[in-house]
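Have the sequence and the 3D view open side by side for this one.

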Amino acid sequence: MNWYWPSLFTPHLDWLQVEISTHCNAACLYCPRTLYASCWHNYLMPLDIFRQLTPVLQKTRLVYLQGWGEPFTHPAFFEFASLAKAAGCQVGTTTNGMLLSEELCWRLVEGQIDIVAFSLAGIDGTNDQIRQGTSLKRVLACIDTLNRFKERRGVDKPAIHIAYLLLRSRLGDVEALPSFLKPLGINHVVISTLDLIADQRLADEAIAPVDEEEYEALRRRLDATIAAGHDLGLPMHAWLTAPKSRHREVDYADGEAKLSISLTRGVCTEHIFNAAFVAADGGVSPCVYANLPLTAQVTHLVDGKETILTPLKFGSIDQQSFAAIWRSPGYRAFRMAHQTGQTLTPCRECVRMRMLFNQQVKEGSFV
């Protein structure tokens with residue numbers, strides 16, 4: 001297959017999220033991998049597929065080696081990182097930390113991995129109950145080890161981030177985050193909420209304000225936390241779903257079909273105009289939420305209603321170049337729809353289209 005002409009049109013990306021593994025050694029209570037276990041496809045990305053991405057890697061600022069699985073379940077993690085570094089990219093990843101031995105921590109420092117983020121959902125023993133198979137104590141030990149090795153080598157990489165999932169039952173922990181995390185040598189904190197609700201039992205854990213009053217109360221709480229972090233020299237940011245009342249939808253006829261479109265321009269947190277997601281099987285999608293490794297149709301909750309989880313994939317790296325997929329009619333039409341505010345399923349249903357950010361957010365923050 002001739003790869004040369006598509007490479008001439010390879011886009012410049014702010015980041016490319018690459019899922020190298022859908023395996024995981026944990027069983028977090030809220031994770032789709034846990035809740036859709038009966039139809040989950042465990043898969044490791046072949047290095048040959050990753051190598052097909054070389055043209056776009058050479059035009060990408062940050063490659064993030066993480067998807068729906070634990071990246072360090074892939075035995076070739078550092079080979080992926082080396083290939084991305086050789087292409088001129090910054091490299092980041094998010095991990096539960098359970099597989100990071102001292103040797104691997106040293107390799108992260110020696111390899112000058114740019115970002116290592118640790119996932120948390122609590123600041124005490126509840127984290128281990130929610131994120132079953134993980135240990136807060138172990139995560140803190142990994143962070144300490146990385147900081148010791150960085151000091152020994154006289155380097156500032158990897159930057160250590162925290163990807164903190166804020167559940168409604170643990171909302172009371174949020175004010176304590178800055179003072180808890182700052183002494184650990186953390187460089188950045190991203191606070192997220194439960195966006196993909198894979199089971200009715202998790203509905204009460206989602207933080208989705210029902211009206212302006214609740215939204216403003218939660219926004220003030222998060223803003224105060226972020227301000228406290230700023231005062232301590234700890235950059236933090238958080239996204240919060242806006243009330244549905246801020247968004248208006250109408251139906252319109254297209255031949256015999258009736259479609260609903262959003263008349264508001266939601267802020268997509270996934271930066272779809274300058275970023276993309278490549279799944280472990282090589283499939284290219286706008287974001288990680290649009291391409292779960294499932295072998296059967298499943299449902300999730302959208303505004304309290306059970307809804308089919310609709311996948312969205314525009315091609316596969318093992319069949320086309322990334323440039324050809326990016327510039328395909330379907331993918332271009334998708335981006336144009338977002339640009340005009342006329343998003344269709346599945347994005348129309350996604351709560352990330354109703355996210356508003358605090359004033360501390362900087363362009364390109366990513367965990």
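Predicted model: local features only at pLDDT ≥ 70, side-chain atom pairs only at ≥ 80, totals over all residues.

Strand 8 (residues 188-192) and strand 9 (residues 236-241) run parallel, joined by three bridges. To get from strand 8 to strand 9, the chain passes through helix 10 (residues 212-231), and this β-α-β crossover is right-handed. Right-handed here means that, with the strands pointing away from you, the path from the first strand over the helix to the second runs clockwise. Strand 8 also pairs with strand 7 (residues 159-165), in the parallel sense over five bridges, and there Tyr164 stands opposite Ile191. Two strands count as paired if DSSP finds at least two bridges between them. Strand 8 is mostly covered, with four of its five residues buried. Buried means under 20% relative accessible area, exposed means over 50%, and partly exposed is in between (1.4 Å probe, protein chains only).

## The whole protein

Zooming out, the protein has 12 helices and 17 strands. These are DSSP runs numbered from the N terminus: helices are H or I with at least four residues, strands are E with at least two. Of the 367 residues, 53% are buried.

Take the contacts (heavy atoms within 4.5 Å) with a separation of 6 or more: 75% of them come from residues 24 or more positions apart.

## Two buried residues

Is Val56 buried or exposed? Val56 is buried, because its relative accessible area is 1%. You'll find Val56 in helix 4 (residues 54-57). Leaving out residues up to four places away in sequence, Val56 touches Thr10, Pro11, Leu13, Leu16 and Phe322. Thr10 is 46 residues away along the chain, yet the C-alpha atoms of Val56 and Thr10 are separated by 5.9 Å.

Now try Glu270, in the loop between strand 11 (257-262) and strand 12 (275-278). Glu270 has a relative accessible area of 10%, so this residue is buried too.

How many cavities of 30 Å³ or more does the structure hold? There is one, and about 30 Å³ of space lies in the largest cavity. Its lining includes Trp15, Glu270 and Phe277. Strand 12 gives the largest share of that lining, three residues.

The second largest pocket holds about 710 Å³ of space. Among its 44 lining residues, the closest to the centre are Asp195, Leu301, Glu349, Cys350 and Val351. Strand 14 (299-302) brings the largest share of the lining, three residues.

How are these spaces defined? On a 1 Å grid over the protein atoms alone, a cavity is a set of points where a 1.4 Å probe fits but cannot get out; a pocket is an open set with protein on both sides within 12 Å along at least five of seven lines, and lining residues have an atom within 4 Å of a point. Grid points are joined across faces, edges and corners, and a volume is the space filled by probe spheres set on the points.

Most residues other than glycine have a negative phi, and most peptide bonds are trans. Here are some spots that go the other way. The peptide bond from Lys157 to Pro158 is cis, with omega near 0°, and Pro158 sits in the loop between helix 8 (136-153) and strand 7.

Gln112 has a positive phi of about 50° and is partly exposed, because its relative accessibility is 26%. His271 has a positive phi near 55° and counts as buried, because its relative accessibility is 18%. Finally, strand 14 and strand 15 (residues 305-308) pair in the antiparallel sense over four bridges, with Leu301 and Glu306 as bridge partners. The two strands form a hairpin with two residues between them, and Asp303 in the turn has a positive phi of about 50°.

Definitions and conventions: Residues numbered from 1 in each chain as written. Heavy atoms only, no water.
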